[in-house]
Amino acid sequence: MTKHIFITGGVVSGLGKGITGSSLGVLLKQSGLKVFMQKFDPYLNIDPGTMNPIEHGEVFVTDDGGETDLDLGHYERFIDVNLSKTSSTSAGKIYSEALDAERQGKYLGKTVQVIPHITNLIKEKIYKVEKENAADVIISEIGGTVGDIESQPFIEAIRQVRMEKGKENVMFIHVALLPFLSISSEFKTKPIQHSVKEMLSLGIQPDVIVARSEKEFDDKLKDKISSFCNVPKENVINCPDSNSIYKVPLLIEKTNLHKIVAKQLDLKLGELNISDWIKFVKNIENSKEEIVIHIVGKYVELSDAYLSVMESLKIAGYEIKKKVKFKWIDARKLTKENFEQILKDAKGILVPGGFGEEGIEGKICAAHFARINNIPYLGICLGMQVACIEFARNVLNFSDANTTELNENTLHPIIHILEGKNKENIGGTLRLGRYKTTLKENSLAANLYKTNFAIERHRHRYEFNNDFKKIFEEAGMIFSGIYDEKELVEIIELSENDFFIAVQYHPEFTSRPNRPNPLFLGFVKAIAKNS
């Protein structure tokens, strides 16, 4: 029978429930178990696809085209399992399904209520993942903080799951803040106590408490938390801050959390093998020399808007024992008058994806600067599109070249909308998910991937206009990656530059510790070489 572990959070948000769950997932998987993960978010948006990245962070995309919370990126990078649409469920999605069913008469005229109708739908999502994945363990994170009004239906649903399946099959892990007051040099357990009290008022007794703190605490404090929160002392997990999220599995391993879980859920663990993870952490610790990458983006106020890009660059850096640092450039403030001054010290330029008019001209300036100065350039999604527009304007002399997203009347629509897509309904109308790209023989892309194809994830509504393909090729642009089924341009590169490559897809979603995406690794190597 599949076992369920539910991760809840208390006191404050941002304590690392996702990292805690992912780290536990690493240990269980490396002990021979099949692990799957999912996230429940209490917000009322249907999915994060239309949410402002500055407010919510990046939208992570699964193989099957799910637009999900960024925590799924952490899940995939840690447990190295490709998740799916079913791994991400919002309150908005649940309520939307309930209201649609009510309108269609599926509730037979009954009064539709949070209990049982909403909670039943939540449980359906839990059991659907169980049925579809045949995992030994499913780790589910409940977003938000216990006590939030919007989280209560999810808490009630997992309480019912425990009631239906029993304690031997369902486990609750509560991650809560243990503050340290420097003025009195002492930890304060009251926030954890009140958080657990809130859980108890909702019918849930945590089995494990992960105490998040600035630093380690002693057994005396464990005794206190154990006594007041009604959990065994060994089930109080000491989880201090770390300078890298990738060290957390090793910290968790020392606490024997995976063994505590296995004991309660009657799981048979094989011999734990985390040698690859230890090797990766050693690479992090041995990465002393820094390289700086200029990221020219629209959402630079919140670095989480580019979380997977950042992690992919870091992972690639660790592979060659380099510590990657970022210099954030607001594309909205980059102009024809100032771009040379702002980018003058750039050793590598990355232009990530984005939507809307703001910052487009600044990104075009960044692509221009990289091209004419032979600076390593990696363009992602919109980063490829602006590179094409820049080339059209400054090499082909099409001064009005543009994307129809911004100028429908341009005489040179280098980028146009995908066939069959529309602009009226912005939610769920993108080209999403995993597609295969055929790579041109002896191209930079083929050399980086070391094969003749790439399988990557997409999230876009506009594409390169093939009407201009021939004239671009005659001027020196190489179209080194094509989606054969519809002849869509996936990769461009410039042979005159040492490293200038841009892709329509999002390679950041497939980077893993010890296995960086080839484009990021090649990009970081090119920067390190020039530096």
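Begin at the boundary between domain 1 and domain 2, where 16 residue pairs are in polar contact, both residues of each pair having pLDDT 80 or more. A polar contact is a pair of N or O atoms within 3.5 Å; within protein, one must be able to donate a hydrogen and the other to accept it, and residues adjacent in sequence count only if both atoms are side-chain atoms.

The model is predicted: local features need pLDDT of at least 70, side-chain atom pairs count only at pLDDT 80 or more, and totals for chains, interfaces and linings use all residues. Residues are numbered from 1 along each chain as its sequence is written, and side-chain values use heavy atoms, leaving out hydrogens and water.

**The two domains**

Select residues 3-279 for domain 1 and residues 288-530 for domain 2; such bounds come from an automatic or database domain assignment. The contact (heavy atoms within 4.5 Å) takes 27 residues from domain 1 and 28 residues from domain 2. Taken over C-alpha atoms, the centres of the two domains are 35 Å apart.

Next, select aspartate 80 and arginine 512. They form a salt bridge, with 3.3 Å between the closest N and O atoms.

Helices (H or I, at least four residues) and strands (E, at least two) are DSSP runs, numbered from the N terminus. Helix H2 gives the most, with 4 residues.

**Helix H3 and the residue after it**

Select H3. Are its residues mostly covered or uncovered? The helix is mostly covered, for 9 of its 9 residues are buried, where buried means under 20% relative accessible area (1.4 Å probe, protein chains only). Among them are Leu72, Tyr75 and Phe78. Just after H3, aspartate 80 takes a positive phi of about 55°.

**Isoleucine 122**

Finally, move to isoleucine 122 in helix H5 (residues 114-133). Isoleucine 122 is buried, with a relative accessible area of 1%. Display Phe40, Ile94, Pro153, Phe154 and Ala157: isoleucine 122 touches these residues, not counting residues up to four places away in sequence. To end, draw a distance from the C-alpha atom of isoleucine 122 to that of leucine 302, 180 residues apart along the chain; the separation is 31 Å.

Terms used:
Salt bridge = Lys/Arg side-chain N within 4 Å of Asp/Glu carboxyl O. Buried < 20%, exposed > 50% of the residue type's maximum accessible area, 1.4 Å probe, protein only.
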